[in-house]
Amino acid sequence: MTYILRFFSALILIFFSSLAFGQFGEEEEHQIVLMGKVTHAEYGSPIKNYEVYIISDSIESGIMDYYNVVRTDEEGFYYDTISTNLNDGTLLVYTFDFDDSKLEQEVHFRFMNSNNDKILINNFGVHVPFQKP
């Protein structure tokens, strides 16, 4: 009888410990902050109001389905916040030169501990006609 009580006591302890640490609950939601700067490839000046495309890599990210288009601010910076339940994956970030050449970069993320936020930086130098700052 004492073995059965110990077994059920241990089982109950494991169950509640797992709930406390999120093992049986929903997966943790992580926040990815993706930011970067778009500059003129030759002059280094910031390019304002420039489109940057962000999509999840369906091969790498499995179930994550994400797509967004952001624009740079006055100083050439762009920002996006992405929520995911995945612990790792890949984002494809791209933009286009003035001659429609695609500039694409992969950005990888991985959550390895209880920190639920990642800041990723991805910059582009694009060839466009000169813009006055």
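The secondary structure of the protein chain comprises two helices and eight strands, where helices (H or I, at least four residues) and strands (E, at least two) are DSSP runs numbered from the N terminus. Read from the N terminus, these elements follow the order α-β-β-α-β-β-β-β-β-β. Residues are numbered from 1 along each chain as its sequence is written. This is a predicted model, in which local features need pLDDT of at least 70 and side-chain atom pairs count only at pLDDT 80 or more, while totals for chains, interfaces and linings use all residues.

Confidence is given as pLDDT, the predictor's confidence in each residue, from 0 to 100. Its mean over the protein chain is 79, with 69% of the residues at 70 or more. Over residues 16–25 pLDDT stays under 50, and the model has four contacts beyond four places in sequence for them, a contact being heavy atoms within 4.5 Å. Where pLDDT is low, the predicted coordinates should not be read in detail.

Of the 133 residues in the protein chain, 32% are buried, that is, under 20% relative accessible area with a 1.4 Å probe, protein chains only. Leaving aside neighbours within four places in sequence, V93 is in contact with residues including L34, V52, Y78, L103 and F124.

How values were computed:
Side-chain values use heavy atoms; hydrogens and water are left out. Buried means under 20% relative accessible area, exposed over 50%, partly exposed in between (1.4 Å probe, protein chains only).
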